[in-house]
Amino acid sequence: MGKALKGTGLLIYGILLSSIVAGISVLFLFLERIFSEFIWEELPAYLNWGNLYLLLICLIGGLLVGFGHKKWGALPRSAHDAMSELKQTKTLDYHVVLRSLVMALLILSFGAGVGPEAALLGSVIALSVWQADKMRYYYFHYQELKQVSILARVKRLSHPIQYLLTYDEERAFLAGGQKKKKVLYGVFIINGLVTFTILMKMSGQPSFVSKMGTSNWGFNELLLIFPFIGFGVLYGLGYHLLKKGMKKIFSFGKHRPIQMALIGSAAIFLIAVYLPNLLFSGQLSLSLVPYVGMKESVILLSIVALIKLIYLQVCLNTGWTGGDIFPVVFASIIQGFAMAQLFPQYDTLLIVAIVSTSMSIVILKSPIVVGIFIALFFPLNLLPIILFITCLFLVYQKVKTAK
């Protein structure tokens, strides 16, 4: 009976903690939207200072981000950094989560051309380790918790920075129950996702996905796949050369966080004045892409896609760090529409899907993640094409790794 109560309590406690993690994620996205709208829409409309306002807001943003890096170091922590640390140490320093989210909030709210996904996922990974440590404390101190009053028990279990038990390999081995742990992890992940979705809808958050339209491709158009994959590969390889070049250009500023942040804010100012739709990650502007992509010239669309990628690299190399999935997909889809205009006799979205999928996979080097993400933006009848391209790159990756 006692074992069943302990297991039930652990399950309920884990569900509550995973709901808190989901709630923090939604709160972060909600605050980012509120601050972004206030800085870039409400305040400038009220003051009506024109470009002077943009200059001042970019200067303030640059100073805040620069001083934040000087005081706290290289934050926000990305999902890649979090996973690397977790693999090496089997744990994670989650005490910097609040600082990481504050830095991400500053960077995103002040118009950087990066996405929220890297910082948010990095924080979710850290908070998941925190959840595991809180649950570990509950599990191994269950008898002790039973001896104290309900109020004292609640205080211990709800305290955010105390009453934690970090991972220990020997202790984990002795405790056993690996299959049960996997089931519990699955329950908590599902609960977190469901809670996240519900809270996103309740808070009126905009959708991450914008559909690109309808497609009526035919089998006679399948000959387009390999030429356009080839274009996407070449473009992606060109981007990696650009990335290396930009890293060398900005290498002088490794120990100058404030100066580098101000260089980044100068880039934000130029984008805000001349191409305001390229501010932020591109998530919200994606809904406009099908209309713009059908009207503007091939040259203009190609220039816009290239500027978006350059802007991304400037931000990443000057301390305005964040995710690159949304910006890369945004630029890839725009470039796809540019290529589609050269071949008006073929289905537009077929060409866009081929170019954007292959280009994004080469740039981001994550076929599965990109394949799933890209598929969300296109109609269902293009899913086989996107899956085929994804599988093609997966096979290539395996062959390359095996050599």
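**Helix packing and a few residues**

Tutor: Helix 10 passes helix 15 in a right-handed crossing; a crossing is right-handed if the near helix is turned clockwise from the far one by less than a right angle, and left-handed if anticlockwise. Helices here are DSSP runs (H or I, at least four residues), numbered from the N terminus. This is a predicted model, where local features need pLDDT of at least 70, side-chain atom pairs count only at pLDDT 80 or more, and totals for chains, interfaces and linings use all residues. Residues are numbered from 1 along each chain as its sequence is written, and side-chain values use heavy atoms, with hydrogens and water left out.

Student: At roughly what angle do the axes of helix 10 and helix 15 cross?

Tutor: Roughly 35°, and the axes come within 8 Å. Axes are lines fitted to C-alpha atoms over the stretch in contact, and angles run from 0 to 180 degrees between N-to-C directions. Helix 10 covers residues 225-249 and helix 15 covers residues 348-364.

Student: What classes of residue make up that contact?

Tutor: There are 14 nonpolar, four polar and no charged residues. Ala, Val, Leu, Ile, Met, Phe, Trp, Tyr, Cys and Pro count as nonpolar, Asp, Glu, Lys and Arg as charged, and the others, Gly among them, as polar.

Student: OK, and how do helix 11 and helix 13 cross?

Tutor: Their axes come within 8 Å and cross at roughly 155°, so helix 11 and helix 13 are roughly antiparallel (the cut-off is over 145 degrees). The crossing of helix 11 past helix 13 is left-handed. Helix 11 contributes Met260, Ala267, Ile268 and Ile271 to the contact, and helix 13 contributes Ile307, Tyr311, Val314 and Asn317; contact means heavy atoms within 4.5 Å.

Student: Last one: what does Val129 touch?

Tutor: Leaving out residues up to four places away in sequence, Val129 touches Leu86, Thr91, Leu92 and Tyr94. Val129 is found in helix 5 (residues 117-140) and is buried, with a relative accessible area of 10%.

Note on methods. Helices (H or I, at least four residues) and strands (E, at least two) are DSSP runs, numbered from the N terminus. Angles under 35 degrees count as roughly parallel, over 145 as roughly antiparallel, 65 to 115 as roughly perpendicular and the rest as oblique. Buried means under 20% relative accessible area, exposed over 50%, partly exposed in between (1.4 Å probe, protein chains only).
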